[in-house]
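This report goes through one protein model, from its overall build down to single residues. Please keep the sequence and the coordinates open while reading.

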Amino acid sequence: MKLYEQLANSIAQSIQEGVLCRGDKLPSVRQASASRSVSPATVLEAYYLLEARGLITARERSGYFVTSGTVSIPSSPAPATLNQLESTQVDVSELVFEVLESIRLKSVVPLGSAFPSPLLFPRASLAKTMASSVQIMDPWASVDNLSAGDINLRRQIALRYMIDGLHVTTDDIVVTNGALEALNLCLMAVTRPGDTVLIESPTFYAALQSIERIGLRAVEIPSHPKDGIDLAAMERAIQQHQPKACWLMTNFQNPLGSLLSNEKKQVLVALITQYQIPLIEDDVYGELYFGDKRPMPAKAFDTEGLVMHCSSFSKCLAPGYRVGWVAPGRYAKALARLKLTTTISASVPAQVAIAKYLQKGGYDKHLRNLRHTLLVNQIKFVEAIERYFPEGTCLTLPQGGYFLWVKLPDDVNALELHKLALSNGISIAPGPIFSAQRHFTSYVRLNYGHIWDARIEAALSTLGTLVFGMMSSSST
């Protein structure tokens, strides 16, 4: 990242976190140059970049001022409160399918989608790489390394682990059809029907669907919107229910956006090691951070192979290619066998194309642009919610990813709001689909991973009007 981009990103993060508020004056070019130990030209480039993104504006003979940023919306809804750590038979699929069915239509504003806009990815570059790599692909590539995956792709993934300070070899990686297959294979490798699995509350609905499909029981552990899972409650649940696995998102959790600190990750790994419980780590959003460097996964602190680290390129590079992977630790043999007896292999041309793209370079530049776009989008979404939603609304301010977890006033029913919004051409993800026990009835998840435009702003304005209407009707 160039110096001016680093400076712009740092200032944008200060705006996102509320350190700089709307109307605040930025340091002069001379002051910023001296305090940051960079040239005036670097400061000007950073300010021009922030101005182009709509975050600051120049006033003649006055300097640069912040035009975006949160002011009055409380950040951080209260953590989930669960009186008892109950084991629950999961039954959410019908509700989830009903909600997801509404997101497929292009005419619907996709605030409830689980994916960022496909327009944010280097589709043309990937297409060229696919065309050229398939033409020269070794004919035997379709049968070599069937269950483990393309050797060059696994080498590129291992290199990225190495850059982040993790020792994961090429042979430690199994390539899968997206992260969801990796997660499901992990779950099947360490559980049997009737077993209990620990999950966060709220949790990603796909985890609930997987648990339901295999015939497992779930224990929901309360999680803080900023700091993540309650580890004390997790230990009580382990002692009470003797779970066979945990399925957690440690970085920018969906739907909360929470991020476990390195200290909490170390305690988490120490806890699963003490009780010898495998951790299925869903880390698909780890590359979408807004800070200076990628947050470490819990896998980085694992010394006994208990953490099965799952990720993919679907959320950060190539959504339609469906290429994910798992570094399964001590469960590598079981994972490879399960892969061979289920889908055998992920798409070989897709694997070869992504490997070639990574080898050529440009991936990190793409990621920087994507992160910048998502950060600016988050700021614009929060501003719009502040403008259009009623008093009593709270939301998260995640340090990465592309979801806002929004707490609406208590008398607003998220499932009813979902139906009303859909009738107005807007999809949202209502809170109850993120809980085995159908909690979070006044919460919604909103996706800010789509290109900000007048249509998105109008949708948020309409949502705010609908919320106001539901509040009025409930009070009469």
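The text below covers the overall build first and then a few local sites.

The model is predicted: local features need pLDDT of at least 70 and side-chain atom pairs count only at pLDDT 80 or more, while totals for chains, interfaces and linings use all residues. Residues are numbered from 1 along each chain as its sequence is written, and side-chain values use heavy atoms, with hydrogens and water left out.

**Overall build**

The protein has 15 helices and 17 strands. The C-alpha trace spans about 70 × 60 × 45 Å along its principal axes. The radius of gyration is 23 Å, which agrees with the value near 23 Å for a compact globule of 476 residues. That radius is taken over C-alpha atoms, and the globule rule is 2.2 Å times the number of residues to the power 0.38.

Of the 476 residues, 57% count as buried. Buried means under 20% relative accessible area, exposed means over 50%, and partly exposed lies in between, with a 1.4 Å probe and protein chains only. Contacts, defined as heavy atoms within 4.5 Å, are counted here at a separation of 6 or more, and 76% of them link residues 24 or more positions apart. The protein exposes about 19700 Å², and carbon and sulfur atoms supply 53% of this area. Accessible areas come from the Shrake-Rupley method with a 1.4 Å probe.

The protein has 44 positive and 42 negative charges, and their mean positions are 6 Å apart. Lys and Arg count as positive and Asp and Glu as negative, without His and the chain ends; each charge is placed at NZ of Lys, CZ of Arg, CG of Asp or CD of Glu.

Thr396 lies in the loop between strand 13 (394-395) and strand 14 (403-407). Thr396 counts as buried because its relative accessibility is 2%. Glu235 is 161 residues from Thr396 along the chain, and their C-alpha atoms are separated by 26 Å.

Gln13 belongs to helix 1 (residues 3-16). With a relative accessibility of 16%, Gln13 is buried. Leaving aside residues up to four places away in sequence, Gln13 touches Phe290, Gly291 and Leu375.

**Backbone geometry**

| Site | Feature | Angle |
|---|---|---|
| Ser201 and Pro202 | cis peptide bond | omega about 0° |
| Asn254 and Pro255 | cis peptide bond | omega about 20° |
| Ser37 | positive phi, not a glycine | phi about 55° |
| Gln276 | positive phi, not a glycine | phi near 55° |

Pro202 sits in the loop between strand 6 (196-201) and helix 8 (205-214). Pro255 sits in the loop between strand 9 (245-248) and helix 10 (262-275). Ser37 is in the loop between helix 2 (29-36) and helix 3 (40-52), and is exposed, with a relative accessible area of 67%. Gln276 is in the loop between helix 10 and strand 10 (279-282), and counts as partly exposed at 39% relative accessibility.

Key. Helix = DSSP H or I, 4+ residues; strand = E, 2+ residues; numbered from the N terminus.
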